[in-house]
Amino acid sequence: FDSKLPHAGTTIFTHMTVLAQQANAVNLGQGFPDFDCDPELLRLMQEALQSGHNQYAPMAGVPALREAVAQQIQALYGRTYDPGTEITITAGATQAIHAAISALVRPGDEVILFEPAFDSYEPAILLNGGKPVPIRLRAPDYRPDWDAVLAALSPRTRAILINSPHNPTARLWTAEDMQMLAEVLRDTNVVVISDEVYEHMVFDGKRHESVARYPELAERSYVVSSFGKAFHITGWKIAYCLAPRALMAEFQKAHQFIVFCTHAPSQHALAQYLPCGAHLQLAAFYQQKRDLFVNAVANCGLRWLPSEGSYFVSASFAHLPVLGEMSSLEFSEWLTREIGVACIPLSAFYHDGFDEKVVRFCFAKREDTLHEAARRLQRLS
Ligand code: GLN
């Protein structure tokens, strides 16, 4: 069979989660909380289910939710998105990114992305006949190289995919990065797709640099964010996309034929829940988990890299005798089986498997889970 995605297998997240279950390991691999969401949100969901919100939502999403999103974005980043024409509620952020790429990319169009990159970006480009143009970010800083971006731009560049706070490296783009991005794109028609699903998880008093803060960028951008990440409901698969009117019109042409609309009851529940401002607690909530975990594993023998945002922290094992000879995938599998803690190899986020012997851990877990993982990781030292 002539596959459109000949190199795609099972995702690394599924692979490591299955292995974690088989090995009875603490699963710090796939990124999802092991605790439940706010009971108030569950109550609102039950209310929505029992109030007859059980048929199709409008294609762009329930108006009250789009309204609530517009208000939140205005309060956070000072940009007004018209709930009527510039916001779409999607079936998760992965679907939003896929719809944006489907709306933009013609066969042969190039899309610039930064590796390590979340694993859905490249297949979405390929499925639409596009050509991924990866720019490599390197440990330990993972800073974008703006000369490399300039060199990667071509008359065929249709879009550039960016992601801050960054999965998997937990690094943030700075205001200077945003200004550089605006500068290099100034005389082009390149569209920005900005994956901001970890926008509320930014630590140590730092600021999330949403493209929505930068009018020159926002004019040419799709901004994607996620209720799943913000409210501990990754299983609800509900997110949203923002864009200026003309770009959003194109997005919706694709979106309506991919899913038409998304799950109605959860949209009604979230419309009620959003104004309570739970997202404002998230940075402190996850910073505490990061600190607890990082302190507990500080002396286990791995070399920990900074986590500025997201709910991930990475570590290098390259210096360890014998273990340092393994690939990141081998080390992740070994750690899961022998130490009982699952993680994700960063090599899985590079198209060519580029391997700097760094692995990612998710700290969106209960305190007892983090303590147990730390206790097991001490066996490395
Ligand atoms: N976004 C999460 C992660 O990076 C989960 C992704 C997935 O399972 N597709 O781990």
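## First stop: a loop with a cis proline

Begin by selecting Pro168, which lies in the loop between strand 5 (157-163) and helix 7 (175-185), where helices (H or I, at least four residues) and strands (E, at least two) are DSSP runs numbered from the N terminus. What you are looking at is a predicted model, in which local features need pLDDT of at least 70 and side-chain atom pairs count only at pLDDT 80 or more, while totals for chains, interfaces and linings use all residues. Residues are numbered from 1 along each chain as its sequence is written.

The peptide bond that leads from Asn167 to Pro168 is cis, with omega near 15°. In the loop between strand 5 and helix 7 you will also find Ala170, whose phi is near 65°, a positive value in a residue other than glycine. Is Ala170 buried or exposed? Ala170 is buried, with 25 other C-beta atoms within 10 Å; a residue counts as buried if 20 or more other C-beta atoms lie within 10 Å of its own, as exposed if 12 or fewer do, and as partly exposed in between, with C-beta atoms placed from the backbone.

For another cis bond, select Glu115 and Pro116, whose peptide bond has omega near 10°. Pro116 is found in the loop between strand 3 (110-115) and helix 5 (121-127).

## Second stop: two domains

Now colour the protein chain by its domain assignment, which gives domain 1 (12-37 + 280-380) and domain 2 (39-276), with bounds that come from an automatic or database domain assignment. The centres of the two domains, taken over C-alpha atoms, are separated by 26 Å. Where they meet, 31 residues of domain 1 are in contact with 32 residues of domain 2, contact meaning that the C-beta atoms of two residues, placed from the backbone, lie within 7 Å. On the domain 1 side, helix 12 (282-297), strand 10 (312-316) and strand 13 (358-362) each supply at least two residues, and helix 12 gives the most, with five.

Select helix 12, which has 16 residues and reaches 23 Å from its first C-alpha to its last, close to the 22 Å expected at 1.5 Å a residue; the expected span is 1.5 Å times one less than the number of residues. Its buried residues are Tyr286, Lys289, Arg290, Phe293 and Val297. They cover an arc of only 100° around the axis, which puts them on the same side of helix 12, the arc being that of the directions from the helix axis to the C-beta atoms. These buried residues pack against strand 10 and helix 14 (367-377), whereas the face turned away from them carries the exposed residues Ala284 and Asn295.

Leu292 also lies in helix 12, and with 16 C-beta neighbours inside 10 Å it counts as partly exposed. Leaving aside its neighbours within four places in sequence, Leu292 is in contact with Glu367 and Leu370.

## Last stop: helix 2

Finish with helix 2 (residues 39-50), in which Leu41, Leu44, Met45 and Ala48 are buried. Seen down the axis of helix 2, these buried residues fall within an arc of 105°, so they line one face of the helix, and they pack against helix 11 (264-273). Pro39, Gln46 and Gln50 are exposed on the other side of helix 2. Just after helix 2, select Gly52, which takes a positive phi of about 85°.
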